[in-house]
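Here's a quick briefing to read alongside the model. Keep the sequence and the 3D view open as you go.

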Amino acid sequence: MNDLSLTVTILRFGFLILMWVMVFSVVAAMRRDLVIGRKAKVGAPTARQARRHPELVEQPAPAKAQARELVVTEGPLTGTTLELSGTPILLGRAQEATLVLEDDYASGRHARLFPQGTRWFIEDLGSTNGTYLGGTQLTRALPVELGVPVRIGKTVIELRP
């Protein structure tokens with residue numbers, strides 16, 4: 001009986017140590033994600049980001065029309081127009097979204113449209129069904145040109161001058 005209780009006690013301590021290791025690894029991963037997210041959102045792109053995503057670096061704008069409005073061309077909100085200011089636009093079903101999509105295939109916080117210099121970029125925010133720019137599914141933030149359709153579920157939006 002004494003050997004059995006010693007074995008059970010050792011197993012309990014081993015399990016307790018394993019649980020604490022798991023807790024610390026989860027906290028470390030969350031901390032790492034928060035730091036990376038904070039660095040990515042602050043200011044101009046770093047040299048490292050510019051090497052990995054050269055399209056995020058502000059380049060001299062060619063003499064062409066700039067986007068002034070966002071228009072819903074397909075889906076339940078067809079005809080809806082948003083005037084573009086210099087602030088990011090959150091797209092999704094959540095009530096805090098800038099453009100609340102009435103689309104069963106859209107996530108709560110589906111995508112973000114944001115200005116970078118004189119250009120607008122779209123990024124998927126980890127949605128379930130994905131975001132498509134001109135028929136190509138987004139895997140990272142990409143620039144959106146005037147008239148190129150952005151599909152979120154059954155909703156299609158375009159930037160217009």
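Two strands pair if DSSP finds at least two bridges between them. Helices (H or I, at least four residues) and strands (E, at least two) are DSSP runs, numbered from the N terminus. Heads up: this is a predicted model, where local features need pLDDT of at least 70, side-chain atom pairs count only at pLDDT 80 or more, and totals for chains, interfaces and linings use all residues. Residues are numbered from 1 along each chain as its sequence is written, and side-chain values use heavy atoms, with hydrogens and water left out.

**Mixed sheet**
- Five strands make an open sheet, ordered E4-E3-E5-E6-E9, with mixed pairing.
- E4 (99–100) and E9 (142–144) are its edge strands, each pairing on one side only.
- Strand E3 (residues 89–92) runs parallel to E4, and two bridges join them.
- Gly92 has Val100 in E4 as its bridge partner.

**Antiparallel sheet**
- An open sheet of six strands goes E2-E1-E11-E10-E7-E8, with antiparallel pairing.
- Its edge strands, E2 (81–83) and E8 (136–137), each pair on one side only.
- E7 (residues 132–133) pairs with E8 in the antiparallel sense over two bridges, and Tyr132 stands opposite Gln137 in E8.

**Helical span**
- An unreviewed UniProt entry annotates residues 6–29 as "transmembrane region"; UniProt positions are given in the numbering used here, feature names are shortened, and annotations may be inferred rather than shown by experiment.
- Residues 6–29 are 100% helix and 0% strand, with end C-alpha atoms 35 Å apart.
- Val23 sits in helix H1 (residues 2–41).
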